[in-house]
Amino acid sequence: MEAKIKSLIDNLLTKTTKKEANWDRMGKSEQFVLFLENAKVSIDRSLTNKNNIYYQFSIINLNGDSIFNVNGLKNDFLPPDKQDYTILQELHEEIKKAYFKVDETIEGLLGEIKKDGEIGKDDPNALPF
């Protein structure tokens, strides 16, 4: 991976970890997009025909053209630190964790469970019969 792209991804990871990046999710897919002034970046997670996990990081210019892509497919013949897959996987997982507010949800659950008394409530979507 080119040094500039690795730096871009590392900086996106840092901003995301610090909760300083506002990622959007595309529908119900595993694709997340970050809109910036000069372009937008996206990362998508999908499965190949052989059920291997595949990541694609893209830079899209203001005209909507995909101008750069990095693809990551796990390669058992390369050490993990030489694989684009590992870097893209880490970024995608951190984005997903931030987007769904996993840490905040876990903290809320811990606070709720530590309270005295009974916990849990009826399913609000359950049918009345």
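**Salt bridges, helices and surface**

Guide: D103 and K97 form a salt bridge, with their closest N and O atoms 3.8 Å apart. A salt bridge here is a side-chain nitrogen of Lys or Arg within 4 Å of a carboxyl oxygen of Asp or Glu. The model is predicted, so local features need pLDDT of at least 70 and side-chain atom pairs count only at pLDDT 80 or more, while totals for chains, interfaces and linings use all residues. Residues are numbered from 1 along each chain as its sequence is written, and side-chain values use heavy atoms, with hydrogens and water left out.

Visitor: Are D103 and K97 buried, partly exposed or exposed, and which residues are linked in a network with salt bridges?

Guide: Buried means under 20% relative accessible area and exposed over 50%, with partly exposed in between (1.4 Å probe, protein chains only). D103 has 33% and is therefore partly exposed; K97, at 33%, is partly exposed too. The salt-bridge network links K19, K97 and D103.

Visitor: Where does K19 lie, and what is its phi?

Guide: K19 is in the loop between α1 and β1 (24–25); helices (H or I, at least four residues) and strands (E, at least two) are DSSP runs, numbered from the N terminus. K19 counts as partly exposed because its relative accessibility is 42%. K19 is a residue other than glycine, yet its phi is positive, near 60 degrees.

Visitor: What is the phi of K101?

Guide: K101 is found in the loop between α2 and α3. With a relative accessible area of 48%, K101 is partly exposed. K101 is not a glycine, but has a positive phi of about 50 degrees.

Visitor: How far apart are the closest N and O atoms of K6 and D10?

Guide: Side chains of opposite charge can pair when their charged atoms come close. K6 and D10 both lie in helix α1, four residues apart, about one turn of the helix. K6 is partly exposed at 34%, and D10 is partly exposed at 30%. Their salt bridge has its closest N and O atoms at 3.0 Å.

Visitor: How many residues apart in sequence are the parts tied together by E30 and K96?

Guide: The side chains of E30 and K96 meet in a salt bridge (3.1 Å, N to O). E30 lies in the loop between β1 and β2 (32–35) and K96 in helix α2, so the parts that the pair ties together are separated in sequence by 66 residues.

Visitor: How many salt bridges does the count come to?

Guide: Among them are K6 with D10 and E30 with K96. By the 4 Å rule, the count comes to five.

Visitor: Are α1 and α2 roughly parallel or roughly antiparallel?

Guide: Helix α1 (residues 3–17) and α2 pack at about 25 degrees, with axes 9 Å apart. Axes are lines fitted to C-alpha atoms, for helices over the stretch in contact, and angles run from 0 to 180 degrees between N-to-C directions. Angles under 35 degrees count as roughly parallel, over 145 as roughly antiparallel, 65 to 115 as roughly perpendicular and the rest as oblique. The two helices, α1 and α2, are therefore roughly parallel.

Visitor: Which helix gives the most to the nonpolar patch?

Guide: Y99, F100, V102, I106 and L110 form this surface patch, with about 400 Å² of accessible area together. Patches are made of residues with over 30% relative accessible area and no salt bridge: like charges are joined within 9 Å, nonpolar side chains (Val, Leu, Ile, Met, Phe, Trp, Tyr) within 5 Å. Accessible areas come from the Shrake-Rupley method with a 1.4 Å probe; for residues, only the protein chains shown count as cover. Giving three residues, the helix that contributes the most is α3 (residues 102–114).
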